[in-house]
Structures are given as structure tokens and as C-alpha cells.
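Open the model in your viewer and keep the sequence panel beside it. The tour goes from one selection to the next and says what is found at each stop.

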2 protein chains.
Amino acid sequence: MGSPMAMHLLKAGYELSVFSRTREKASGLEAAGAGWRNSPAELAETSEVIFTMLGFPHDVESVLLGNKGVIAGAQRGSVVVDMTTSCPDLAVRLESKFKSQHVDSIDAPVSGGDIGARDGTLAIMCGGCKEGYLKTQPLLAIMGSDVQWFGPAGSGQRTKMSNQILIASTMMGTVESLLYAERAGLDLLKVIALLSRGAAGSWSLSKLGPRIAKEDWEPGFFIKHFIKDMEIALADAFRMGLKLKGLELAHEFYQEAKKRNLEEKGTQALYQVLQTMNKCL
Amino acid sequence: MGSPMAMHLLKAGYELSVFSRTREKASGLEAAGAGWRNSPAELAETSEVIFTMLGFPHDVESVLLGNKGVIAGAQRGSVVVDMTTSCPDLAVRLESKFKSQHVDSIDAPVSGGDIGARDGTLAIMCGGCKEGYLKTQPLLAIMGSDVQWFGPAGSGQRTKMSNQILIASTMMGTVESLLYAERAGLDLLKVIALLSRGAAGSWSLSKLGPRIAKEDWEPGFFIKHFIKDMEIALADAFRMGLKLKGLELAHEFYQEAKKRNLEEKGTQALYQVLQTMNKCL
């Protein structure tokens, strides 16, 4: 997702340098005029605002804090914005590490997927010190259409986790509802259309329900990424002393999907898990 | 809900007779010109189409099949339409009982609540023989704005159950998400607004989320009725050989709400259950 997001900044006239662990991923940006840097540290040396968009929390840790990481080059007064969906407590740790170098650190995970990234219509949920946020807000507003600050470091990540916790159980409801309807011999598309207009309506039902009915399991949003997000949320909830049984249940079922090699499928492929588990009964 | 629904029929110019176990409930209809009958049997004797809107499946059984029930008076060629949310297998049984008297039986549960009943904007999900359905469809279209036939007897009830199964887990997700957000110190209304616009969006979040944020537990939809619906769905799923763990989990939590005397509150009061359960951790 990083490439289309950065492209919006270039097109808006900003000077852009890029680094990617896989250089091919930056080739479009380089062709469009972005300067290549050989490491995150090198990139940070010449940047006022540094954005990262990575896969997993351990990637965030190594790209920002590791050897030749952003922290090794970040200039006093610059701002680091991590847009990866990652751990709230890592966001807190990043802030304290960067603060000692007089660098602000903002957590700014997104929702809206590939399409949102391409169209510049992402929702961007920000946490961190307000001054740092305000410095980067004009840039974030180029990449997203719904940019908001939710509070101190970690608050962006926690808003994103609230989003993922909600989706987890809504997906359970969606697949259980449609599996029941299927077994009842109902016309799934007709049921989805009627239910979508009422109190059972949701984005999951309207957007993923028809894919389930057509047995289209392609991502959308990868199961492997959703599992990562649920595990971050479960760990953070545990740290707060919260037991979220709905989330735990959805996580178990998505783990089952992983065991069945559905990791690279879209989250709606959870339907296949319930379908096969209920064949043996 | 029966009274505002029947009122639409009166206002549309149809001749209407009424019976209610609690006569006061029909006083508005009587004042508007409906004729009173002393039993369901008596009502059926003079009616071409008989609508029932009751509380629980055992009420449906007694009003339709009991002593002085509809079946004791129903005329050859008439149609019985049960609009109660009730058991799919009872709908099948009703059809066979009435068929022997050459009476069609349609199951037609609704969604849209008090407001939908008052405004004539209910969704009405129908099952039963298509001819019987078509005879009643013009009348149903007066009470609802989204009237559809889903298949043989029980299919209306099963479409409604698909709706309730979906709501059950979506409510779990909504309360877990907001409880996590609250513990994280986030501004709930701000989180709800942002999440509602994206992939976590749902009717439950948009409509009930703000009530949770304002600690407004009034119904909407009563917890006691929702528990009834979930139990019908669980029993029907069990009969089909389906194990719906998300639904089971939501049912457990709503049972817990009942134990805490929240039966007469709205479904969003599930939030209180999770909130207090997570205080002890």
C-alpha cells in the first residue's frame, strides 16, 4: 500500500525520497521522480517527515529502531509517522525513543485497503503528541479523506484495534447467518439484499456477503493480516485486563482457516471453515 | 406492534375485525371502526385473511390451534398469516394442520420494530405456498415497504433467524469494540463516527453505539425478545446439524444480562454485562 500512498505526495508537489527493503516496489515512485535512499537512516537524514508502511510490528521495530534504522538518521525537529497497523505499546515505546532525539513520533494506521490507498480515500487514525500530528496533518490529508487525531501515542493504533475487534465478530455473524440460510435452502443473494437494508445491515454483509454467495474467496483483506491484527488486539486487551470472548472466538476460527491454508484468501473465506466443520455433524 | 399494523389496513379501506387477549390493546382500532370478536375462532369465521402478531411460539400455538383458536373457525379458501417471530418448524406444522381444512398458512415475521410498524415501513419475510402468499401480498404491502417471499413454509421464519443470528455476533463485536475503546481512553462518539464510515460499519454501531456512549439503555428491541429469537435459531440450527458458536456465545452473554435483570432493557445494554464482568479481572 505504501507506493500508491507516497505517489499522492509526489503528485501534490512534495519532494520525496524512498527506501524499500524490496527495491522493485519503489520503481514506480523512482520513475515518477522520487529519490532513492540506501537505508531508513539515510532517508531520515534528508527528510522532515518520515512515513513507514510495513507488514508486522517486528518490521516496524527493525526499520525504525534497528541498525541503519530511521532513528540512526532522524534530524531534530522532524516527525516519524508509522502507518503500519501495529502494537499500541510499540507506538508508546517509539515515542519515548524518538523524543530523546527531539523527534516526534505519530502512530497513524489506516483503513480503506488498496482501493483507499489508490484513491486517496483512506481513513487515518492518529495518536501521538498533538503538535507532531498537526505538522503532518496536511500530508496525511493528501493520502486520506478521513484524518483524525484520537489522543496520545498508541491512540491511533487503539482506534484501529477497535475497528478490527468489531469486524471480527461481525464476520462471525455474517458467516453463521449465511451458512444457516444456505442450509435452510434460502436464496443467499435475496437474503443478503433484504437483511442489508435493516438492523442486521453492515459493510461486511453488503460487501462480502455477495462474494460468499458467489464462492469468491479472493482478498480484499488477507486472512493472514487479519490474524496479526486480532493478535495485537488480544494482547493489548489482555494488558488492560479485558477478556474479549467474541474476539477470542473469531481468532480461533481464523486460526483454523490458517491451518486449512486459507491465509492468502480474503476474510470472507471464513465461510469455508464453518462450512466444512459443520459437514461432520 | 399489531395495533399500528392493523390500523394501516383500516385506513386503506379494508373491513377489519379484531380480537386481542387484552381488549384495551384493540381500543384504538375499535374506535377507528374495527369490529370486535370474542375469540380467534369467531374472528376467523368472518374473515378472508387472518393476521396474528403474538409474543412467543406457545402463544401462536394456542391462538391458532387451541380451543376457540383460529383453526376452529377458519373458512375454506381463507389464508392465515402469522407475523410473530416464531419457530420455523411450527410454521411447517401450521401449514399441514390448516391445509386439511383447505386454508393456506403463511409465516411472515417482520423487522423494523415499533417505528416500522407505525410508519408502514416494515420488512416482511414470507414463507408458505406461493398462491397463499400472493393472495395476501397486497395487504402485506400496506403494512410493510419490503415484502418478499422466500420459499416454502418456515422460509420467512428462517430468513428472520438469519437476521437475528447476524445481529447477535454484530452486537458482541460492537460492545467489545466500544469497551476496549473506553478502557483505552478514547472518545467513544468520535470512534463510532469514524468506524461507521468504513469496513466496521453496521446498523448496530451507527444506531446503538451512540446510545451506549450516552449510557442510554432503553429499548429499542427488548433483550427478552432477542433471547427468545436466539433460542429459536439455536434450536433450528441444532435440528439442521449446525453448530453456531458465535450465536451460542452471544446467547450466553444475553442470558447473563437476564440474570442481571436487564431483560426489559434494549439489546445495547449487553455493554453493561461486559463492563461489570471485566471489572473483576
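**Stop 1: two helices in chain A**

Select helix α8 (residues 155–183) of chain A and helix α11 (residues 223–239) of chain A: their axes come within 9 Å and cross at roughly 110°. That makes α8(A) roughly perpendicular to α11(A), a label for angles of 65 to 115 degrees. Axes here are lines fitted to C-alpha atoms, for helices over the stretch in contact, and angles run from 0 to 180 degrees between N-to-C directions. Helices are DSSP runs (H or I, at least four residues), numbered from the N terminus.

This is a predicted model, in which local features need pLDDT of at least 70 and side-chain atom pairs count only at pLDDT 80 or more, while totals for chains, interfaces and linings use all residues. Residues are numbered from 1 along each chain as its sequence is written, chains are lettered from A in the order in which they are written, and side-chain values use heavy atoms, with hydrogens and water left out.

Now show side chains. On α8(A), the residues making the contact (heavy atoms within 4.5 Å) include Met161(A), Ile165(A) and Ala168(A). On α11(A), Phe226(A), Met230(A) and Asp236(A) are among them. By class, this contact of α8(A) with α11(A) has eight nonpolar, one polar and five charged residues. Ala, Val, Leu, Ile, Met, Phe, Trp, Tyr, Cys and Pro count as nonpolar, Asp, Glu, Lys and Arg as charged, and the others, Gly among them, as polar.

**Stop 2: the domains of chain A**

Colour residues 2–151 of chain A as domain 1 and 158–279 as domain 2; the bounds come from an automatic or database domain assignment. The domain centres, taken over C-alpha atoms, are 30 Å apart. Domain 1 of chain A puts 14 residues into the contact, and domain 2 of chain A puts in eleven. About 1000 Å² is buried between these domains, 69% of it from carbon and sulfur atoms. Buried area is the accessible area (1.4 Å probe) that two parts lose on being put together, summed over both.

**Stop 3: chain A against chain B**

Show both chains. How many residues of chain A are in contact with chain B? There are 57, and they meet 57 residues of chain B. The two chains bury about 5000 Å² between them, 66% of it on carbon and sulfur atoms. Select Leu166(A), Tyr180(A) and Leu194(A): they supply 16% of the area that chain A buries against chain B, more than any other three residues.

Terms used:
Parallel < 35°, antiparallel > 145°, perpendicular 65-115°, else oblique.
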